[in-house]
Amino acid sequence: MGSAASPPRALDAATQEDLKRVSAHRAVDMVESGMTLGLGTGSTAAHALDRLGDLLRTGALRAVAGVPTSLKTEAHAARVGIPMLALADAAEIHLSIDGADEVDPDLNLVKGRGGSLLREKMIEGAGARFVVIVDESKLVPRLGCTGAVPVEVVPFGSAYTLGLIRKVFDKLPGFHARLRTVKSKASDRQEELFLTDNGNHIVEMFFEDGIHGNLRDISDSLLRITGVVEHGMFLGMATKVIVAKKDGTVAVLSKK
């Protein structure tokens with residue numbers, strides 16, 4: 001009798017970082033001089049910012065401006081020399097580049113585990129094209145398989161809003177939700193509620209086997225709750241998904 005197959009080896013940090021860089025650089029290859037870009041947030045998007053900064057410094061790209069999706073991205077873009085615009089001042093966003101926490105077979109996404117989902121959805125939804133950059137570990141059979149699906153809620157009554165969100169998934173086996181907390185600035189031994197750049201709280205939804213059912217119906221149910229600002233399911237928004245694979249290849253998935 002043959003021995004059982006060993007489980008797939010997890011990507012080590014260095015290798016995964018290399019894959020993030022590959023997918024980010026491939027997306028930046030799509031940028032042309034004169035474009036206004038939506039600048040994403042997170043570790044993969046950071047590689048795109050660095051690459052854009054390099055190309056602007058060498059003159060390979062000119063007259064490129066970015067609309068940042070978070071205060072962190074705004075600081076990073078300023079550091080690498082990317083001119084920035086406010087969303088209201090951008091006549092047109094030609095292309096947005098950002099990472100994702102999960103990508104399903106229909107190119108629906110989970111984004112915002114870092115807490116920037118509202119600004120990301122506003123800016124990336126306003127653009128003509130939205131290119132998502134990931135390594136292959138982010139590909140999932142259905143959304144909600146690998147971790148939290150975030151929901152941004154106003155601070156007033158946030159515990160009550162959490163209860164209403166739980167009712168959307170009432171009796172669903174393995175579902176639970178909580179308000180995101182972080183270590184207190186006053187003491188490492190205490191926790192406080194996480195605040196987004198907009199001063200809101202985040203509810204984290206967890207699913208034992210991912211989200212089953214019609215995603216748009218679920219989206220509508222969440223958005224009808226007074227107190228919910230936005231959720232981290234980005235449905236039908238991605239134009240292309242660039243996937244860097246462990247074997248060294250890059251796949252470009254396009255919206256059907």
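**View 1. Domain 1 and domain 2 bury about 1,200 Å² between them.** Of this area, 55% lies on carbon and sulfur atoms. Three residues, Arg 113, Leu 118 and Leu 235, supply 44% of what domain 1 buries against domain 2. That is more than any other three residues give. The model is predicted.

**View 2. The chain is divided into two domains, domain 1 and domain 2.** Domain 1 takes in residues 14–136 + 234–244. Domain 2 covers residues 147–229. Their C-alpha centres lie 25 Å apart. At the interface, 16 residues of domain 1 are in contact with 15 residues of domain 2.

**View 3. Polar contacts, but zero salt bridges, are found across the interface of domain 1 and domain 2.** Seven residue pairs are in polar contact here, with both partners at pLDDT 80 or more.

**View 4. Strands E14 and E15 form a hairpin.** Strand E14 spans residues 240–244, and strand E15 spans residues 250–254. The two run antiparallel and are joined by five bridges. Lys 240 stands opposite Ser 254 in E15.

**View 5. Gly 248 sits in the turn of the E14 and E15 hairpin.** Five residues lie between the two strands. Gly 248 has a positive phi of about 95°.

Note on methods
Residues are numbered from 1 along each chain as its sequence is written. This is a predicted model: local features need pLDDT of at least 70, side-chain atom pairs count only at pLDDT 80 or more; totals for chains, interfaces and linings use all residues. Side-chain values use heavy atoms; hydrogens and water are left out. Domain bounds come from an automatic or database domain assignment. Contact means heavy atoms within 4.5 Å. Buried area is the accessible area (1.4 Å probe) that two parts lose on being put together, summed over both. A salt bridge is a side-chain nitrogen of Lys or Arg within 4 Å of a carboxyl oxygen of Asp or Glu. A polar contact is a pair of N or O atoms within 3.5 Å; within protein, one must be able to donate a hydrogen and the other to accept it, and residues adjacent in sequence count only if both atoms are side-chain atoms. Two strands pair if DSSP finds at least two bridges between them. Helices (H or I, at least four residues) and strands (E, at least two) are DSSP runs, numbered from the N terminus.
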